[in-house]
Amino acid sequence: MSKPERTSGFFSFASISPIGRIMNGGLAVSLTAIAFFSFAGIGDRMPARDPIVLGHQEIIMGNWPGKKSAGLPTLGDETARGERPLRIASYNVHNFTGLDFRRDPERIAAVIRSLDADIVSLQEVLSDPGAAPSSQLRILAEKTGMHMAVAGPTMRKADGQYGNALLSRFPITRVRLHDISLGAFEPRGIIDADIRVGDQTVRVLTTHFGLWPMERDRQAQRLLELLPENPSQPLIVMGDMNCWAPGSPVLRRLQERLGTPATRRSYPAPLPLFPLDRIWIQAAGYRLVVEAPRSLLARIASDHLPMVATILFAGKLQAANLAPLRSFRAFP
């Protein structure tokens, strides 16, 4: 696997002379410069890039006590009967740093354990390379009892690799990493994984879109290019899309293809106002019931709340015992 070489995609605003004039009263000039550089890359086309296909040795497989590798529910049987629906989650872990400014992977692990999710999409994960004993992703997988974990780093930082990750109680059989970085903005990526759930393969794509509209527009376009028109197997897309306005062009484009997403207001964690995190599922016949747990620990551990969804066949939506959950809708 080739490792990301970019250390950052952000412009060094402090090095631009008009920005330095803020202290000298040149506010208008400075704001103009910020606006100009904020739109840098608007004319760039996202170059075609071949995905990185991970080898099996690059997928972390747990051998710790308590891993769940047998007797797992199957999507076709137990989920269809409503006995034990498959649960999936998306969680921006903010570099494992809580609102108390303390970096604590074990605290994040405790939040993830409370979700009882089978597949977890993570953003803003710091992970040391490979099987290093200090690998925070490995520690996270061990502490959550997950069977397998995959890192999708997008850039290097001084204290490790940084980007997306995926945790699963089920076997991850194939992984492709897609680079969706644009221009000089922060590098971004997609983890595209095949996960064997019972007798079916579930394709899961997890991502973290950029902060700027022109980034997200191109990233959404590239994401949709990766997806089949009419998937025959379950297809899950989830992550921090950095979109909160219902009428945004990016959301409209994604919803035209993927349908209405499951979402809850998840940011900022102490007083969630914005639905930045979303989960979609195709093919026809599946539905999502979503919740954003608001425990005291979840409100402190990261700047986002986790979002967890239960997958059901449409016909079982009313029959299943969903008393603890709220019915699915786009916003709470």
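**Briefing: strands, helices and selected residues**

Not counting residues up to four places away in sequence, R196 touches F170, P171, T173 and T201, where contact means heavy atoms within 4.5 Å. The structure is a predicted model, in which local features need pLDDT of at least 70 and side-chain atom pairs count only at pLDDT 80 or more, while totals for chains, interfaces and linings use all residues. Residues are numbered from 1 along each chain as its sequence is written, and side-chain values use heavy atoms, with hydrogens and water left out. The protein has eight helices and 14 strands; helices (H or I, at least four residues) and strands (E, at least two) are DSSP runs, numbered from the N terminus.

- Of the 332 residues of the protein, 53% count as buried; buried means under 20% relative accessible area, exposed over 50%, and partly exposed in between (1.4 Å probe, protein chains only).
- Among contacts between residues at least 6 apart in sequence, 71% join residues at least 24 apart.

- Seven strands form an open sheet with mixed pairing, in the order 1-7-8-9-10-12-11; two strands pair if DSSP finds at least two bridges between them.
- Strand 1 (52–53) and strand 11 (262–263) are the edge strands, each pairing on one side only.
- Strand 10 and strand 12 run antiparallel and are joined by six bridges; the bridge partner of D240 is D277 in strand 12.
- Helix 7 packs on this sheet, touching strand 10 and strand 12, and its direction makes about 25° with that of strand 12. Axes are lines fitted to C-alpha atoms, for helices over the stretch in contact, and angles run from 0 to 180 degrees between N-to-C directions.

**Helix 7**

- In helix 7 (residues 249–258), the buried residues are V250, L251, L254 and L258.
- These buried residues fall within an arc of 95° when seen down the axis of helix 7, so they line one face of the helix; the arc is that of the directions from the helix axis to the C-beta atoms.
- P249 and E256 are exposed on the other side of helix 7.
- The packing partners of the buried residues of helix 7 are helix 6 (213–225), strand 10 (235–240) and strand 12 (277–282).
- G259 follows helix 7 and has a positive phi, near 90°.

**Strands 13 and 14**

- Strand 13 (residues 286–291) is largely enclosed by the rest of the structure, because five of its six residues are buried.
- Strand 13 and strand 14 (residues 307–313) run antiparallel, joined by six bridges.
- Within this pairing, Y286 stands opposite F313 in strand 14.

**The loop residue P306**

- P306 is located in the loop between helix 8 (296–301) and strand 14.
- P306 is buried, with a relative accessible area of 0%.
- Leaving aside neighbours within four places in sequence, P306 is in contact with S90, Y91, V111, L115, E291, A292, P293 and A298.
- Between P306 and A292 there are 14 residues' separation in sequence and 5.9 Å in space, C-alpha to C-alpha.

- R196 lies in strand 8 (residues 189–197) and is partly exposed, with a relative accessible area of 33%.
- R196 and R174 are 22 residues apart in sequence and 9.6 Å apart in space, C-alpha to C-alpha.
- K157 lies over the face of Y162, at 4.0 Å from the ring centre; a charge sits over a ring if NZ of Lys or CZ of Arg is within 6 Å of the ring centre and within 35 degrees of the ring normal.
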